[in-house]
Amino acid sequence: MSATGWTAKDIVGVRDISGDEVPDLLFRDNADLNRTLALRKGKPGPSGGADLNSLATASASEGAQDNTYATTGWGRAAIPMVLGTPDANGDGVPDFWAVNPIGHQYLMRGGTTQWLGDASGRDEDDWHTFLTIG
């Protein structure tokens with residue numbers, strides 16, 4: 001990753017989200033209020049996995065751009081903690097956990113091109129007091 005431009009971004013996870021068997025980068029982009037979760041599609045690496053350069057910059061990624069994964073509502077103030085996870089609901093697509101400011105933890109269903117909307121579960125154990133989730 002480059003040393004610049006990541007102050008306003010948080011890595012959510014690196015997993016094959018798009019379904020092409022190449023890891024992708026899901027991140028929160030606090031600098032773009034119209035696209036608060038972004039998906040950067042990885043290119044195949046020479047020995048498998050992802051070419052790390054394709055995850056480092058949008059211009060080097062598959063499609064040469066960051067794609068909107070979710071629009072508004074995912075900034076740090078609204079969702080202080082977010083963490084990617086492998087597929088947790090059995091549909092073959094990686095999911096992610098989110099914690100709101102009052103400490104409710106939600107399992108969010110991932111999609112291959114965008115977040116699928118409603119949470120599939122909620123835990124009310126004051127997760128906002130923890131340093132990390134996952």
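Is Trp74 buried or exposed? Select Trp74 in your viewer and keep that question in mind. With a relative accessibility of 5%, Trp74 counts as buried, because anything under 20% falls in that class. One thing to remember as you look around: this is a predicted model.

**Stop 1: the partner of Trp74**

Trp74 and Trp115 make an aromatic pair of the edge-to-face kind, with 5.1 Å from centre to centre and 85° between the planes. Trace the chain to find where each one sits: Trp74 is in the loop between strand 4 and strand 5, while Trp115 is in the loop between strand 7 (105–108) and strand 8 (119–123). The pair links distant parts of the chain, as its two members are 41 residues apart. Trp115 has a relative accessibility of 26%, so it counts as partly exposed.

**Stop 2: a second pair of rings**

The structure holds 4 aromatic pairs. For another of them, select Tyr69 and Phe96. Their ring centres are 6.5 Å apart and their planes meet at 55°, so this pair is tilted.

Next, show the four residues together. Tyr69, Trp74, Phe96 and Trp115 form one aromatic cluster.

**Stop 3: a charge over a ring**

Move to Trp6 and Lys9. Here Lys9 lies over the face of Trp6, 5.2 Å from the ring centre.

**Stop 4: the cavity**

How many cavities of 30 Å³ or more are there? The count comes to 1. The largest cavity holds about 70 Å³ of space. To find the spot, select Ile17, Leu26, Gly84, Pro94 and Asp95, which lie nearest its centre among the 13 lining residues. Then colour strand 1 (9–15), strand 5 (81–85) and strand 6 (95–99), the elements that each give two or more residues to this lining. Which of the elements gives the most? Strand 1 does, with 4 residues. Sorted by class, the lining of the largest cavity has 7 nonpolar, 4 polar and 2 charged residues.

**Stop 5**

Select Leu25, which lies in strand 2 (residues 24–29). Leu25 counts as buried, at 2% relative accessibility.

**Stop 6: one loop, two residues**

Go to the loop between helix 1 (52–56) and strand 4, where you will find Ser61. Ser61 counts as buried, with 2% relative accessibility. Look for a polar atom of the Ser61 side chain: the backbone oxygen of Gln65 lies 3.4 Å from it.

Ala64 also has its place in the loop between helix 1 and strand 4. Ala64 is not a glycine, yet its phi is positive, near 55°. At 46% relative accessibility, Ala64 counts as partly exposed.

**Last stop: Glu21**

Finish at Glu21, in the loop between strand 1 and strand 2. What is the phi of Glu21? Its value is positive, about 65°, although Glu21 is not a glycine. Glu21 is exposed, with a relative accessible area of 72%.

Technical notes
Residues numbered from 1 in each chain as written. Predicted model: local features only at pLDDT ≥ 70, side-chain atom pairs only at ≥ 80, totals over all residues. Heavy atoms only, no water. 1 Å grid on protein atoms, 1.4 Å probe; cavity = no way out; pocket = protein on both sides within 12 Å on 5 of 7 lines; lining within 4 Å. Points joined across faces, edges and corners; volume = space filled by probe spheres on them. Nonpolar A, V, L, I, M, F, W, Y, C, P; charged D, E, K, R; others polar. Phe/Tyr/Trp six-rings, centres within 6.5 Å; stacked < 30°, edge-to-face > 60°. Buried < 20%, exposed > 50% of the residue type's maximum accessible area, 1.4 Å probe, protein only. Lys NZ or Arg CZ within 6 Å of the ring centre and 35° of its normal. Polar contact = N/O pair within 3.5 Å; in protein donor to acceptor, adjacent residues only side chain to side chain.
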